[in-house]
Amino acid sequence: MRNSLALVVLFVAFILTSPVLAQQAPPRLFETKAAQALMIEASTGTVLLAKGEQKAFAPASLAKLMTLEVVFDAIRRREIGLDTVYRVSEHAWRTGGAPSRTATMFAALKSELRVEDLLKGIMVQMANDACIILAEGMNGSEEAFAIRMNERAKAIGLRDSHFANPTGLPHPQNRTTLSDMLLLARHLQSTYPEFYRMFTQAEFEWNKILQRNRNPLLGRSAGVDGLASGFAEGSGYALVASAERGGRRLFLAVSGLASDKERTEEAVRLLDWGYSAFEMRHLYDAREAIGAASVYGGERPQVDLLASGPVDVYAATDDPERLQARIVYRWPLRAPLPAGADVGVLKISQGERLLREVPLKTAEAVGVGTLRQKAGDALFELLFFWL
């Protein structure tokens, strides 16, 4: 019974409410043609749009983002370098090269390519041969490299993805979600800025064949600087993109669109809405007490809770719903408690929509109380559960 009742939700505040806005009609849900969509503001992690973001689908070429992460990580750890050379096997040439009639950088059979050129082949041309060449060069086979992909996916927090090959070519075990893809995109942009900028290269020539960047949003939507698009039978057209305008970065992932044209138009529309219909709101300063939590058996009955820094939210400008903040923690916290202990989360919502969650820490240490204080807390806990 204690476990079932231990979760306590503490209401904190209604924030930044306007009497004029409160009289407006409720806002309409923003509609998108995408079967699944997820958009997040980078600095706060505020969710601007979420639709079917946990539904599994075939990643197709979006799997190449995970391939890139594995390679970037290997370079960062100096396992390989940009000048490391790998040979083009017949399997790589037939499966992902010119004979495959798929996205390719046209690497010649038995030729040798530098890792840097292979990365450009993937990031500019979405080249399947480049992915297979790297996989075979680094781990001996696509299958062995896929094991490494899944290990890295787990390490960076992808919960619902599985990769059976480095290309995303059809395989029954390939699956992902928009939530995982957006987490991966944010990880790539923040962790590997020196490589991320290669996504914007306008064109790349290899084997005397010049190809333009395959990202359909480059040059179509202001500020777009990555990442990838894909198509799979049954899942439709998908895209993961990021853009920066006026110092504000948004990440967008969509899937389940009917055509390449519809995917591009919808992504442009969503990004424009994300930049025009929201504004940044400051809620709490760094080191400002956001609320207090009860402490059982402590020298004090409560402890203040803080976020690790300022708390901001990227909120809709035309939404009459008030911003709401709630502290959620497991009651009762038990003494002794150290300062800086992770004990709860601040959930910020606008109407029914959860915007972001902020981890909360104890502001100071709380030592063990006297016998009398412990007895009083025990009595209160007994009455709470009895009631």
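1. A salt bridge is taken here as a side-chain nitrogen of Lys or Arg within 4 Å of a carboxyl oxygen of Asp or Glu. Lys361 and Asp342 form one through their side chains, at 2.6 Å from N to O. This pair links distant parts of the chain, with Lys361 in strand 18 (residues 353-362) and Asp342 in strand 17, 19 residues apart. Strands (E, at least two residues) and helices (H or I, at least four) are DSSP runs, numbered from the N terminus.

2. The model is predicted: local features need pLDDT of at least 70, side-chain atom pairs count only at pLDDT 80 or more, and totals for chains, interfaces and linings use all residues. Residues are numbered from 1 along each chain as its sequence is written, and side-chain values use heavy atoms, with hydrogens and water left out.

3. On accessibility, buried means under 20% relative accessible area, exposed over 50%, and partly exposed in between (1.4 Å probe, protein chains only).

4. The structure holds 24 salt bridges. Glu69, Asp73, Arg77, Glu79, Arg148 and Arg152 belong to one network, joined by salt bridges that share partners.

5. Arg249 and Asp225 also meet in a salt bridge, 2.8 Å from N to O. Here too distant parts of the chain are linked: Arg249 lies in strand 10 (residues 248-257) and Asp225 in strand 8, 24 residues apart. Arg249 is buried, with a relative accessible area of 10%, and Asp225 is buried at 14%.

6. The side chains of Arg114 and Glu116 form a salt bridge of 2.7 Å, N to O. Arg114 is partly exposed, at 28% relative accessible area; Glu116 is partly exposed as well, at 22%.

7. Two cis peptide bonds deserve a look. One runs from Gly226 to Leu227, with omega near 20°; Leu227 belongs to strand 8 (residues 224-232). The other runs from Ala335 to Pro336, with omega near 5°, and Pro336 sits in the loop between strand 16 (333-334) and strand 17 (342-350).

8. Positive phi occurs at residues other than glycine. Ala60 has a phi of about 50° and is found in the loop between strand 3 (47-51) and helix 3 (64-76). Ala60 is buried, at 8% relative accessible area. Asn207 has a phi of about 55°, and its place is the loop between strand 6 (203-206) and strand 7 (209-212). Asn207 is partly exposed, with a relative accessible area of 45%.
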